[in-house]
Amino acid sequence: MSSDQRTVPLSYSTPSAIGGTGRGSSVPGTGSKAAGPVLVGATIAMGLMAGLFFAFDVSVMPGLAAGDDRTYVEAMQHINKSIENGMFGLVFTGAFVATGIAAWLQHKAGRRQAALWAAGATLVYLVALMVTMGVNIPLNNDLAAAGDVAQIHDLAAVRTKFEGTWVAANMFRTALCTAGLLALSRALVLHGRFSRSGR
């Protein structure tokens with residue numbers, strides 16, 4: 001072997017020569033093993049929220065609407081108080097956090113389309129949170145501030161101030177969460193396709 005011939009160490013070879021990539025590069029489809037489970041968890045949480053709001057739309061609120069003013073106000077006061085529990089809080093906030101993390105993990109793994117669908121779900125759920133904070137919760141607080149139904153002089157006025165706006169806002173939340181659920185379902189399909197293809 002002549003002196004001007006040099007052996008190139010394997011570690012200095014180009015990525016294509018060894019079937020790998022250079023330092024700092026990324027391979028589409030690789031990434032955290034948590035990407036799939038987090039996406040599943042986000043989808044479940046979004047589905048639970050959509051189902052909760054839908055249940056109010058089709059059963060709780062129509063059922064209360066058939067009752068008198070005293071029954072309506074008293075029942076909603078109890079419902080609003082009862083729903084303030086750890087399980088609801090976990091799902092309510094967890095749906096947003098998990099969906100956002102799922103979008104980030106899909107992006108990190110190089111699954112761009114799945115990441116975009118998950119990001120879309122995050123945005124629509126953010127709007128649902130804004131509706132909740134800006135409309136439903138203030139109305140719930142006003143209803144609670146009205147006090148004991150036995151001490152309310154004009155139950156009809158209290159109900160009227162609450163009912164129409166709250167119901168409309170809840171229907172909007174249902175639509176938003178359903179859209180988020182569909183978006184996450186699409187992200188799951190894309191995630192599965194990429195996983196099966198080994199990407």
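Colleague: What share of the contacts in the protein chain with a separation of 6 or more comes from residues 24 or more positions apart?

Modeller: Those residues account for 80% of the contacts with a separation of 6 or more. A contact here means heavy atoms within 4.5 Å. Keep in mind that this is a predicted model, where local features need pLDDT of at least 70 and side-chain atom pairs count only at pLDDT 80 or more, while totals for chains, interfaces and linings use all residues. Residues are numbered from 1 along each chain as its sequence is written, and side-chain values use heavy atoms, with hydrogens and water left out.

Colleague: How many helices and strands does the protein chain have?

Modeller: There are 6 helices and 0 strands, so they read α-α-α-α-α-α from the N terminus on, taking helices (H or I, at least four residues) and strands (E, at least two) as DSSP runs numbered from the N terminus.

Colleague: Why is arginine 159 called buried?

Modeller: Buried means under 20% relative accessible area, exposed means over 50%, and partly exposed is in between, using a 1.4 Å probe and protein chains only. Arginine 159 has a relative accessible area of 9%, so it falls on the buried side. You'll find arginine 159 in helix H6. Leaving aside neighbours within four places in sequence, arginine 159 is in contact with residues including Leu64, Asp68, Asp69 and Tyr72.

Colleague: And what part of the 199 residues of the protein chain counts as buried?

Modeller: That comes to 34%.

Colleague: What makes phenylalanine 53 count as buried?

Modeller: Its relative accessibility is 4%, which puts phenylalanine 53 under the cut-off. Phenylalanine 53 belongs to helix H2. Once neighbours within four places in sequence are left aside, phenylalanine 53 is in contact with Asn170, Arg173, Thr174 and Cys177.

Colleague: Then why is lysine 108 called partly exposed?

Modeller: Lysine 108 has a relative accessible area of 48%, so it sits in the in-between class. It is in helix H4, and its C-alpha atom is 7.9 Å from that of serine 32, 76 residues away along the chain. Leucine 126 counts as partly exposed too, because its relative accessibility is 34%. Leucine 126 is found in helix H5.

Colleague: How do you know that the span of H4 agrees with what its 23 residues should give?

Modeller: The expected span is 1.5 Å times one less than the number of residues. For H4 that should be 33 Å, and its end C-alpha atoms are 31 Å apart, so the two agree. H4 also bends by about 35° at glycine 94, the bend being the angle between axes fitted to the seven residues ending there and the seven starting there.

Colleague: Where does H2 bend?

Modeller: At phenylalanine 56, by about 45°. Even so, the 31 residues of H2 reach 43 Å from first C-alpha to last, close to the expected 45 Å.

Colleague: What volume does the largest pocket have?

Modeller: About 490 Å³. A pocket, on a 1 Å grid over the protein atoms alone, is an open set of points where a 1.4 Å probe fits, with protein on both sides within 12 Å along at least five of seven lines; lining residues have an atom within 4 Å of a point. The volume is the space filled by probe spheres set on the points, which are joined across faces, edges and corners. There are 23 lining residues, and Asn80, Lys81, Ile83, Glu84 and Asn140 lie nearest the centre. Helices H2, H3, H4, H5 and H6 each give two or more residues to that lining.
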